[in-house]
Amino acid sequence: MSRSLRRGALAATAVVFSIAALSACGAGNDAQTLGIKPDNAAVTVDDVKIQNALVITQPTPGAKGPAVVSATVFNNGRAPQTLQSIALPGSNAAVVLKTAQGTGPIVVPAGGSVVIGGPGNASATIENGHEAAKNGDAQKVVFKLSETGDVSLEAFVVPSTSYFKEFGPTEIPLPPSATPSADASADAGEHGAEHGGEEGEHGAGDGDAGAGH
């Protein structure tokens, strides 16, 4: 994909995702707000529809830290389904799923939906995200549901900036400049030793003076 096409795809994804994902919270699959088909990753298998799927990485290029999968999962069936796992084929990524409450399985209710990613929603954290996905690429993501089975699609990989900031990883590592370097620690040790030596010399002088008196 050329750079211009990639930028256009990401821009379109940003606009649609920011509107559709926010409106999907608490909206049914038949809601008018979902009548417009998104330009970003979406797929339907049997009773399950997955929309607005993205892999969102750290905001700083090359930063080590977790990434997340963000998506909306719809269940048009008559029985609830459990999201058992999310996998990124071709990588060693481990995706940890959590409900909005932090415990138990993620259940997609019959005739309802679940938003993954963002404040107050379920989450899917890629623990070694910096190794699993590269910004600008399309990453295959497989959602495994209890009744439908595997549902796969190609999701855009984007950094946690601009439209995607509030849906991105919650654990943001400090930039390298904010971490004291080994040289700085060594310098601090040398200065401490020098001050300690000076204090020792002053102490010895005071002792001599006291002995003279």
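Val 115 is buried, at 11% relative accessibility. Buried means under 20% relative accessible area; exposed means over 50%; partly exposed is in between, using a 1.4 Å probe and protein chains only. Before I go on, a word on the source. This is a predicted model, where local features need pLDDT of at least 70 and side-chain atom pairs count only at pLDDT 80 or more, while totals for chains, interfaces and linings use all residues. Residues are numbered from 1 along each chain as its sequence is written, and side-chain values use heavy atoms, with hydrogens and water left out.

Back to Val 115. Strand E7, residues 113–116, holds Val 115. Strands (E, at least two residues) and helices (H or I, at least four) are DSSP runs, numbered from the N terminus.

Next, Ser 123. Strand E8, residues 123–126, contains Ser 123. Ser 123 counts as partly exposed because its relative accessibility is 24%. Contact means heavy atoms within 4.5 Å. Leaving out residues up to four places away in sequence, Ser 123 touches several residues, including Val 96, Ile 106 and Ile 116.

Now the pairing around strand E4. Two strands pair if DSSP finds at least two bridges between them. E4 (residues 81–87) pairs with E6 (residues 106–108) in the antiparallel sense, over 3 bridges. Thr 82 has Val 107 as its bridge partner in E6. E4 also runs antiparallel to E9, joined by 4 bridges. There, Leu 83 stands opposite Leu 145.

On to the loops. Thr 148 sits between strand E9 (138–145) and strand E10 (149–159). Is Thr 148 buried or exposed? It is buried, because its relative accessible area is 16%. Its side chain makes a polar contact of 2.9 Å with the side chain of Gln 81. A polar contact is a pair of N or O atoms within 3.5 Å; within protein, one must be able to donate a hydrogen and the other to accept it, and residues adjacent in sequence count only if both atoms are side-chain atoms. Thr 148 also touches Asp 46, among others.

Asp 46 lies in the loop between strand E1 (41–45) and strand E2 (48–57). Asp 46 is exposed, at 63%. Its phi is near 55°, a positive value in a residue other than glycine.

Last, Ser 162. Its loop runs between E10 and helix H3 (182–212). Ser 162 is exposed, at 59%. Here too phi is positive, about 50°, and Ser 162 is not a glycine.
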